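User: Let's go through this model by question and answer. Start with a single residue, then widen the view.

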Amino acid sequence: MKNGKLLVAPTVLWLCVFFIIPMLIVVAVSFASRTPYGQVVFNWTFSNYQRFAEALYISIFGQTLVVAFITTVVTILMGYPVAWSIAKLPKKWQQPGLVIVMAPFWINFLIRSYAWVIILRSQGVINTILLKLGLITTPLQMLYNEGAVMLGMIYALLPFMVLPIYVSIEQLDRRLLEAAADLGAAPMTAFRKITLPLTMPGIAAGTILVFISSLGMFVVPDVMGGAKSALIGNLIQNQFLSARDWPFGSALSIVLAVLSLVLIMLYYKVLNTQKGGADDAKDVA
Amino acid sequence: MEQMIQLEGITKKFGANLIIPTLNLSINDGEFLTLLGPSGCGKTTLLRMIAGLETPTTGKIILDGKDVTHLPPYKRDVNMVFQNYALFPHMNVEENIYFGLKMKKVPEAEAAERVSQVLYLTQLEEFRERRPQQMSGGQQQRVAIARALVNNPKVLLLDEPLGALDYQLRKKLQLELKNLQRSLGLTFIYVTHDQEEALTMSDRIVVMNKGVIQQDGHPDAIYHQPKNKFVAKFIGESNFFEMGDSVYALRPEKLNLCLEEDCVEGKETQHPAPQFFGSVVDIVFYGTIDKVFIRLDNSNQVVVAYQYFDDVKRWKVDDRVGIWWYERDGVKVEQ
């Protein structure tokens, strides 16, 4: 224990108790099967993973990926301008700006989802106003479809995109933009050639936060998607709560986790080749 | 000589702060002009206005006969070397230098030719592929110069380009920069607060304080005929002597000392009679010289003179001395 290895003991212990052991339990359960009454029997079988190959589950997985992908792209497109305008505010207004972005977190997420229901449903705020104005004659169906799910996801995850992008824009050296202008770059070109590549780490961090969160999201599809739109998160939730099939739920969780991991690794790989290993260069210097 | 830049009635306010009250200045083609002054004197603001990074509150900026006052920086034929280089960290040396040429859509063959030329000129050929973070301060500085020069600007603007470097390197790069400017025949506008740098490099120095030009002239004139107290104090060392209604500035190297008993009134001397008497209060070793500090009898003011290593007379603390100078060396300055 000469090298102070004991100092990492609390961290190791913490990781074991709250992360590694629970994870191992999930892995173990995923290889078990269940009795008709939902009891878990450890008989080490692959059947849970084999079940996953059914067309139904594959399509749910595929749909989850599509929704997560669209959510991520839209939050980037919406989040970047928001982060940009906060970073361009005078210093004393930046903090309040960030607080406003985070303010929704002060209210329980479930309640916020129901608030969307009140706004969007047939007798909801929007429909009532449109009907009163005579712009429509029958209420618009805005809830319980994929659009509603997307809206809910984007609403819920936008702050996770805004914050990391804000940080990277805030750290960007303004003099680089002056240098670009001095060298003949009009503002849009300077944005494309300088700002965007240099704020890529923020976009990357936001992408990972949003993408992973939207893969596992189940409250939004539940509340705003109705029964029609099941995503992988709902499927897993169902296995544990309604179907009482913990082994299959565990197997789905593991597949989801592995898939996320693989996607993140791929993503970083692509990002790194684009940057031409700029980070490696930094390490040398 | 042809004029390259004319600043006509320039003023600049930041909010309620008046940084530059009316200023006029012409800069000739091919000139190495230095804006010299303490920090906050408006020299960098002036440079940034020429670059287009700031807009003057009133007044006109004429570049090579064309009014560019309201032209954005990316449409001006000037380039700037920034104080901390502002190199693009996600591009290597070559890409940094190419940047301006790409923006101006210079044909590929010509661009490649010009890039290799400046790489050769700034001795950066072997660093082509390096990223700025992998280079020393001096090398980064060269990249910044190459990146500006490659665009063949009408004027190169340099904002304290050597400020972040150590003394030895600074000396070396001062010479390199001066030679580069001379061989290219380019107009350089150089901002610095380092008076030594200004004196060694410039064709012409403009000394500024609080946004006002204090003196504008050849380095020799700035040093030997300072117009006012500020210039005399800011450039080199100066002693001030009040004689009647006038103030005279004298460089320490122009002051001569004699032992009081040898040159008191009535004594025959081979030099002009001393104007002031005092006591030596301190002697400090400075390498090539010693500085001798003398407190004057009548005013309690401390003045400084030099003692050279080969001087026969070595002064000691508490020596009583007379101070004399040749009339041609005293410069009458405005307050």
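User: Leaving aside neighbours within four places in sequence, which residues is B:Ile189 in contact with?

Analyst: This is a predicted model, where local features need pLDDT of at least 70, side-chain atom pairs count only at pLDDT 80 or more, and totals for chains, interfaces and linings use all residues. Residues are numbered from 1 along each chain as its sequence is written, while chains are lettered from A and ligands numbered from 1 in the order in which they are written. A contact needs C-beta atoms, placed from the backbone, within 7 Å. With neighbours within four places set aside, B:Ile189 is in contact with B:Ile27, B:Leu33, B:Leu35, B:Leu47, B:Ile50, B:Val155 and B:Leu157.

User: In the largest nonpolar core, which residues touch the most other members?

Analyst: A nonpolar core is a set of buried Ala, Val, Leu, Ile, Met, Phe, Trp, Tyr and Cys residues joined through C-beta atoms within 7 Å. Buried means 20 or more other C-beta atoms within 10 Å of the residue's own, exposed means 12 or fewer, and partly exposed lies in between; C-beta atoms are placed from the backbone. The largest core holds 91 residues, and those touching the most other members are B:Ile50, B:Ala146, B:Leu157 and B:Ile189.

User: Which helix gives the most to this core?

Analyst: Helices are DSSP runs of H or I with at least four residues, strands are runs of E with at least two, and both are numbered from the N terminus. The top contribution is 6 residues, from helix H4 (residues 137-149) of chain B.

User: Where does this core lie relative to domain 1 and domain 2 of chain B?

Analyst: Domain bounds here come from an automatic or database domain assignment. Domain 1 (3-230) and domain 2 (240-333) of chain B both give residues, so the core lies between them.

User: How many residues are in the second, separate core?

Analyst: Its members include A:Ile60, A:Ala83, A:Met217 and A:Leu235. The total for this separate core is 41 residues.

User: Which residues of S7(B) are buried on each side?

Analyst: In a regular strand the side chains alternate between the two faces of the sheet. Strand S7 (residues 155-159) of chain B has 5 of its 5 residues buried. One side carries B:Val155, B:Leu157 and B:Asp159; the other carries B:Leu156 and B:Leu158.

User: What is the hand of the crossover from S7(B) to S8(B)?

Analyst: The chain passes through helix H5 (residues 167-184) of chain B, a β-α-β path. A crossover is right-handed if, with the strands pointing away from the viewer, the path from the first strand over the helix to the second runs clockwise. This one is right-handed.

User: Which element gives the most to the side of chain B that touches chain A?

Analyst: The contact takes 20 residues from chain B and 21 residues from chain A. On the chain B side, S6 and helix H2 (93-103) are the elements giving two or more residues. The most, 3 residues, comes from H2(B).

User: Which residues of H2(B) are buried?

Analyst: Their cover includes helix H3 (108-121) and H4 of chain B. The buried residues are B:Val93, B:Asn96, B:Ile97, B:Tyr98, B:Phe99, B:Gly100 and B:Leu101.

User: What share of the residues in chain B is buried?

Analyst: Chain B has 9 helices and 18 strands. Its C-alpha trace spans about 80 × 45 × 35 Å along its principal axes. Of its 335 residues, the buried share is 38%.

Conventions: Two residues are in contact if their C-beta atoms, placed from the backbone, lie within 7 Å.
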